[in-house]
Amino acid sequence: MGRTMAQTTEKEGKVRKLPASAAETPAVHRPSRTSAAEKWVVKRNAYLQSSFQLRIAEINRGASARDLLGAAEVLQVPRERLYDLVGLSASTAKRKVAKNEKLDPHVTERLMQIGGVEKLAEDVFGDRDRASEWLKTSNISLGNVPPLSMLGTEIGRREVSRILNAIAYGGAA
């Protein structure tokens, strides 16, 4: 391990000593390409794990409009469906996404609350795909409508959360 090898840089013409292993296998820096869904999940989870003060600050700051794309991807729904759930017209949402604008606090709060239900469903079903499928399937406890259709209102989000908790803890939905 104490062995070194000389390596010359082309631009500088200088010789520097590197450990043999570093000279033999240079590190290759590859930019990580994170999908919109992965970025959304990271943001959603950080938000949900933060204090109420930080949540309020995040809401007031406004989420990036591009978070809508990630949330739609995670939920496996058309973007327009998510735009409707958070209370944005498709044209406004598309403009905000294209310009990478911030969402207003009310829309940000709805998006983050939907993210909370989405995360709860993932935790209950143990899998993002199964959670998404459950959210899109008619549910007798909700009057034979899909839980996803209820996420546009606070009352609907609370009711879907109540049913998910009942499933998780064996209570009657």
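Is R158 buried or exposed? Select R158 in your viewer and keep that question in mind while we get our bearings. The model on your screen is a predicted one.

**Stop 1**

R158 belongs to helix α9, which covers residues 154–169. With a relative accessibility of 51%, R158 counts as exposed, because the cut-off for exposed is over 50%. R158 and Q113 are 45 residues apart in sequence, and their C-alpha atoms lie 9.7 Å from one another in space.

**Stop 2: the whole protein**

Zoom out and switch to a cartoon view. Trace the chain from the N terminus: the order of the elements is β-β-α-α-α-α-α-α-α-α-α. The protein has 173 residues, and 36% of them count as buried. Contacts tell you about the fold too: among those with a separation of 6 or more, 55% are between residues 24 or more positions apart.

**Stop 3: R61 in helix α3**

Next, select residues 52–61, which make up helix α3, and pick out R61 there. R61 has a relative accessible area of 52%, so this residue is exposed. Show the side chain of E58 as well: a polar contact of 2.8 Å links the side chains of R61 and E58. Then select D104, which is 43 residues from R61 along the chain.

**Stop 4: D67 in helix α4**

Move on to helix α4, residues 67–75, where you will find D67. What is the relative accessibility of D67? The value is 10%, so D67 counts as buried, since buried means under 20%. Now show what surrounds this residue. Leaving aside residues up to four places away in sequence, D67 touches W40, K43 and L111. Look at K43 with care, as the side chains of D67 and K43 are joined by a polar contact of 2.7 Å.

**Stop 5: a charge over a ring**

Select R55 and Y47 and show their side chains. The charged end of R55 sits over the ring of Y47, at 5.2 Å from the ring's centre.

**Stop 6: two aromatic rings**

How many aromatic pairs does a search of the whole structure find? The answer is one. Select F125 and W134 to see the two rings: their centres are 5.5 Å apart and their planes meet at 35°, so the pair is described as tilted. In general, the distance of the centres and the angle of the planes are what describe a pair of aromatic rings. F125, at 17% relative accessibility, counts as buried. W134 is buried as well, with a relative accessible area of 14%.

**Stop 7: the cavity**

For the last stop, look inside. The structure holds one cavity of 30 Å³ or more, and the volume of the largest cavity is about 30 Å³. Which residues line the largest cavity? Select V74, L75, E118, E122, R128, A131, S132 and L135 to show the lining. Colour the helices to see where these residues come from: α4, α7 (105–125) and α8 (128–136) are the elements that each give two or more residues. The most comes from α8, which contributes four residues to the lining.

How values were computed:
Residues are numbered from 1 along each chain as its sequence is written. This is a predicted model: local features need pLDDT of at least 70, side-chain atom pairs count only at pLDDT 80 or more; totals for chains, interfaces and linings use all residues. Side-chain values use heavy atoms; hydrogens and water are left out. Buried means under 20% relative accessible area, exposed over 50%, partly exposed in between (1.4 Å probe, protein chains only). A polar contact is a pair of N or O atoms within 3.5 Å; within protein, one must be able to donate a hydrogen and the other to accept it, and residues adjacent in sequence count only if both atoms are side-chain atoms. Contact means heavy atoms within 4.5 Å. Rings of Phe, Tyr and Trp (its six-membered ring) pair if their centres lie within 6.5 Å; planes under 30 degrees apart count as stacked, over 60 as edge-to-face and the rest as tilted. A charge sits over a ring if NZ of Lys or CZ of Arg is within 6 Å of the ring centre and within 35 degrees of the ring normal. On a 1 Å grid over the protein atoms alone, a cavity is a set of points where a 1.4 Å probe fits but cannot get out, and a pocket is an open set with protein on both sides within 12 Å along at least five of seven lines; lining residues have an atom within 4 Å of a point. Grid points are joined across faces, edges and corners, and a volume is the space filled by probe spheres set on the points.
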